[in-house]
Amino acid sequence: MMTKEEILAAQRDHLFPSVFHYYADPLVISHAKDQYVWDADGRQYLDFFGGIVTVSVGHCNEEVNKKVHAQIDRLQHVSTVLATEPQAALAKRVAEITPGGKLTKSFFTNSGTEANEMAILAARCYTGSTEIVALRYAYHGRSSMAMALSAQANWKLGPVTQAGIVHAVNAYCYRCPYGLAYPSCEVRCAQDVEQVIRTTTSGRIAGFIAEPIQGVGGYVVPPKEYFPIVADTVKKYGGVFISDEVQTGWGRTGGKWFGIEQWGVQPDIITSAKGLANGLPIGMTTARPEVADAVRGATISTFGGNPISSTAAKAVIDFIEYNKLSINAAEVGAYLRDKLLELQMKHPIIGDVRGMGLLQAIELVEDPVSKTPAVAQTLAVMEAARENGLLVGKGGLNGNVVRFSPPLNIGKSDVDEFSRTLDASLVKASALVAAS
Ligand SMILES: Cc1ncc(COP(=O)(O)O)c(C=O)c1O
């Protein structure tokens, strides 16, 4: 067994330095169960970030793990050049629940990045066009192309070389790129996508990719008109609509399997990863059959659709459905939202409260009028929350958004514990910042 100090020293000496950690004094986690994790010193934390929106049904979920254990002893890996039941069963299960029942063919990989790579490839093969419209503030992964699709300087490492990708403004109402207010803005950001296509592309696009709610961007939620307008424009210019559901899938937004369904839009492709297998590596690209069939020729993802991850993913979907967790996400999410709004009344540093279901965030500002991002205070809130036994996430272009994405099977008493702790952490953080 390594000590905490040995773990941190080995990480520092033998991992790329780009593997960064939250917290001035990095937290070493030893084990976890349901909504709790424990550090190497035995301290317990309420986990309201879930391994970056990944622990969808609780840490070490017994029902999921029972199936994973059985599978690991039966068949671990043969690659996709041989057929296995877990991959086929997962693909069939996913096809049953995609929006409108229309996306019926899947390709499995190991991460959200790879899922988006495959989606863009499929869009290009299907349309014969190259150009892609993405959104500012987006995050789609860490391969060269996914970094090019992403639109936050912090997450574009090294030389970014991919051509054929343009970015429209996002629907960020709290900081409207046009300085307008909803609804009198008439959703100009959505209207502008047509201008972007007509002025920065050849007018023949392969597709449009967006997260229904931008995750790393700080849980930016577009107004209800946004995606229907954009979807019509994308169709008009011959592109396919790709919904990146890496954070918003599997009931997280409440009441629906996929985030884009909250806008009533029918996507051509959805991509997912993270919460699909509750922490086992998986990426999923699911498309309309015509789009999937356009990817001609052979391709391999060695670990894609491997029996262990596929078994976990199907078990997660079944668990979410059986326990009605998307309904729970809607109900407990509404309760969480109310608690955050109460905290906003008490703490003027909370400039905005936004999100859907169990994907909620607060944007911290120095004052509500200037909306200057409260960057140092955000770090102080993170540190104070950790001290108080609560793990939360950080996001936003300016690093001033605190993100909450607990497992979908938490209850209201967990939210009560969370909001008491966050309240105390906001108080402690403002005292720390004032003293510094
Ligand atoms: C919306 C979205 N898409 C894609 C990715 C990339 O997923 P992965 O880290 O599994 O490659 C992420 C990761 O945070 C994400 O949030």
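Tutor: Happy to! A word on labels to begin with: helices and strands here are DSSP runs, numbered from the N terminus. Also keep in mind that this is a predicted model.

Student: Okay. Where is Pro-183, then?

Tutor: Pro-183 sits in the loop between β6 (165–168) and α7 (188–200). The peptide bond joining Tyr-182 to Pro-183 is cis, with omega at about 5°.

Student: Where's Asn-278?

Tutor: In the loop between β9 (269–272) and β10 (283–287).

Student: Is Asn-278 buried or exposed, and why?

Tutor: Asn-278 counts as buried because its relative accessibility is 12%, and buried means under 20%.

Student: New topic: the inside. Which residues touch the most other members of the largest nonpolar core?

Tutor: Those are Phe-48, Trp-250, Phe-418 and Leu-422, in a core of 62 residues. Helix α10 (residues 307–322) supplies the largest share of this core, eight residues. There's also a second, separate core of 32 residues, with Val-133, Ala-210, Phe-227 and Ala-361 among them.

Student: Back to Trp-250. What is it in contact with?

Tutor: Leaving aside neighbours within four places in sequence, the contacts of Trp-250 include Val-94, Ile-97, Trp-257, Phe-258, Met-284, Ile-317 and Leu-408.

Student: Now the ligand! Which helix gives the most to the shell around it?

Tutor: Helix α5 (residues 112–127), with three residues. Residues around the ligand include Gly-112, Thr-113, Asn-116, His-140, Glu-211 and Asp-244. By class, the shell has two nonpolar, seven polar and three charged residues.

Student: How far is the ligand from the side chain of Gln-247?

Tutor: An oxygen atom of the ligand is 2.8 Å from an N or O atom in the Gln-247 side chain. For Lys-274, a side-chain N or O atom is 3.2 Å from a ligand oxygen. With Tyr-139, a polar backbone atom is 3.5 Å from a nitrogen atom of the ligand.

Student: How much of the ligand does the protein cover?

Tutor: The protein covers 85% of the 390 Å² of accessible area that the ligand has on its own.

Terms used:
Residues are numbered from 1 along each chain as its sequence is written. This is a predicted model: local features need pLDDT of at least 70, side-chain atom pairs count only at pLDDT 80 or more; totals for chains, interfaces and linings use all residues. Side-chain values use heavy atoms; hydrogens and water are left out. Helices (H or I, at least four residues) and strands (E, at least two) are DSSP runs, numbered from the N terminus. Buried means under 20% relative accessible area, exposed over 50%, partly exposed in between (1.4 Å probe, protein chains only). A nonpolar core is a set of buried Ala, Val, Leu, Ile, Met, Phe, Trp, Tyr and Cys residues joined through side-chain atoms within 4.5 Å. Contact means heavy atoms within 4.5 Å. A residue is near a molecule or strand if one of its heavy atoms lies within 4 Å of it. A polar contact is a pair of N or O atoms within 3.5 Å; within protein, one must be able to donate a hydrogen and the other to accept it, and residues adjacent in sequence count only if both atoms are side-chain atoms. Accessible areas come from the Shrake-Rupley method with a 1.4 Å probe; for residues, only the protein chains shown count as cover. Ala, Val, Leu, Ile, Met, Phe, Trp, Tyr, Cys and Pro count as nonpolar, Asp, Glu, Lys and Arg as charged, and the others, Gly among them, as polar.
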